[in-house]
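Below is a short briefing on one protein model, covering a helix, the nonpolar cores and the salt bridges.

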Amino acid sequence: MSLFIRRLTPAAQLRWGAAQTFAPRRLMSKDFGTRGDTQYETSHPSPIIDSGVWSYFCEFRRKRADEAPIDRDSKTDHMLTIPWNAISGWGVPQIKPYSPLTLEPSSTVLHYAQTIFEGMKAYRQEDGKVTLFRPDMNMKRMNNSALRIALPTFDGDALLELIKELIRIDKHWIPKEPGHSLYIRPTLIGTQKAIGVGPPTEALLFVICSPVGPYYPKGFKPVALYGTTEYIRAAPGGTGAYKLGVNYAPGVMPQKEAAAKGYVQNLWLHGPEHHLTEVGTMNMFVVFRKENGAIELVTPPLDGMILPGVTRDSVLALARDHISGKNPLPNLPDNLIVSERPVTMKEVKDASESGTLVELFGAGTAAVISPVDRIGYLGEDVHIPTGKDGMGLVSRPIWTELVGRQTGTIPSEWSVEVTK
C-alpha cells in the first residue's frame, strides 16, 4: 500500500512559529526499518520552496501480510517528529517508525520541565470513516501552553494536517469495537543542551498514538473523591490554565494518599472557603435544584487556575444550545440554567443535606463524563445523588449527545474528517 503526504494547501502551510521561514535543506537519506512483522521503506525528499509555499512529500510503502491483533498497551507503528531551533526555526517534519528519542543528559526538559502536551482522540465511525473531535481547540490550547513557558509556537492548522496523515498511515490501529478509539498525544519539549534556566534555543515536537478502550468497560461506576485541603493543584497567577507536564507530577502523591483513605481521586479545593476547582485531571460540574425548581448546571470559571478543557467547553455549549432552543436534547430538563461561577464545599455540603444537590461529575477526554457519589471532606462523607445507571439528570443526556457526536452517530460540525 502506498501512502503519500499531500501538498499542503496555503491555509495549512507549515508556518511554524511567528515569522519563521525555511531555508533549503539537503535531501534526506532513505531510512529502512522494521517493527514486528511489518517492513517500512521511507523516503524523505527535501522541502520545496515556491513563492513562500512550503511543500513536503513523504512516501510510505507498508508490507504486511495479515492484520496482527492490536495490543492495547502498545503504541502505533509510526510517530511524527519536528525539530526546532532559534536560528532556522522549524525543521522538516518526519513520519517514521516509532522509536526512542535521543536526548542529551543536559537537555532542558530533563531539568526544568520544559514540556507541554495535548490529549485528543480519533474515532472509527460505523461506516469506516475516521474522525477527530474538535482538534482545533487542542491546537489553540497547545500554542497557549507553549507561550506560557517560552517554547516555540506553531501553525496549528499545519500541525493538524500532519497529525491527520499520521492517523491515516496507522488507521488500522483504531479499534473497531464500540467505545474504543485512538488516543493521540502531541508533545513539545525543550532540548537545548545546557544547564541554566531560560528560553530554550532548541526544541522537539513529536506525536505518538495508542489504541484505548472505554473508560468504563462494564458500565458507569460513580467514583468517590477526597476533598483535598492539604495540597493545591494551582494558584492565581500560576500555570493551572495550561497543559504543562509540571502540573501533573505533583498530583501523584496526593492521589496516592487519597487512595490510601479509600477514595479514587482528589477533589482539588482552593482558598480558605475551599472553592472547588478540578477533579483529579478533569474539569468539574455540579448540579443544584433552585428554590423555584430550576436546575442549575455550575462549573468554576476560567480564572487562570482552571484548564480550559475541550470536554468542558462542549458540555457548556450543548447545555446552552438546549436552553436557547437551537438544539434541544431529549430528556434534558427544560428549566436548565448554566452558570460559570465559584462554588464552595459549604454550598455543596448544604445542598446535599437539604436535598437540593442533584449530581456532581467530572468531564475530560479520557472518561468524557465521570459521575461522583461521595466526597470525603474534613473527616466525613458528603453524599452525592446518582441515577440507577450511575449517571444523573443532566449528565446522562449530555453524555449521550457528546458521545454520539464523537463517534459519528449524531452528525456535527465538531467532527473533523481524517479519512473516508
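Helix 5 covers residues 310-324, 15 residues in total, and spans 21 Å from its first C-alpha to its last, close to the expected 21 Å at 1.5 Å a residue. The expected span is 1.5 Å times one less than the number of residues. The model is predicted: local features need pLDDT of at least 70, side-chain atom pairs count only at pLDDT 80 or more, and totals for chains, interfaces and linings use all residues. Residues are numbered from 1 along each chain as its sequence is written, and side-chain values use heavy atoms, with hydrogens and water left out.

**Helix 5**
- Helices (H or I, at least four residues) and strands (E, at least two) are DSSP runs, numbered from the N terminus.
- Buried residues of helix 5 include Val 310, Val 315, Leu 316, Leu 318, Asp 321 and His 322; buried means under 20% relative accessible area, exposed over 50%, and partly exposed in between (1.4 Å probe, protein chains only).

**Nonpolar cores**
- A nonpolar core is a set of buried Ala, Val, Leu, Ile, Met, Phe, Trp, Tyr and Cys residues joined through side-chain atoms within 4.5 Å.
- The largest one holds 33 residues, and Ile 167, Ile 184, Leu 188 and Leu 205 have the most contacts inside it.
- Elements that each supply at least two residues of this core include helix 2 (135-148), helix 3 (156-169), strand 13 (181-190) and strand 14 (202-212).
- Helix 3 gives the most to this core, seven residues.
- Apart from this core lies another of 26 residues, among them Val 287, Ile 295, Leu 329 and Leu 336.

**Salt bridges**
- The whole structure has 18 salt bridges, each a side-chain nitrogen of Lys or Arg within 4 Å of a carboxyl oxygen of Asp or Glu.
- Arg 233 and Glu 278 form one of these, at 3.2 Å from N to O.
- Arg 233 is in the loop between strand 15 (223-228) and helix 4 (252-260) and Glu 278 is in strand 17 (residues 275-279), so the pair ties together parts 45 residues apart in sequence.
- Arg 233 is buried at 16% relative accessibility, and Glu 278 is buried at 2%.
- Asp 350 and Lys 346 form a salt bridge with the closest N and O atoms 2.8 Å apart; both residues lie in helix 6 (residues 345-354), four residues apart, about one turn of the helix.
- Asp 350 is partly exposed at 34%, whereas Lys 346 is exposed at 58%.
- Lys 290, Glu 296, Arg 341 and Glu 347 are linked in a salt-bridge network.
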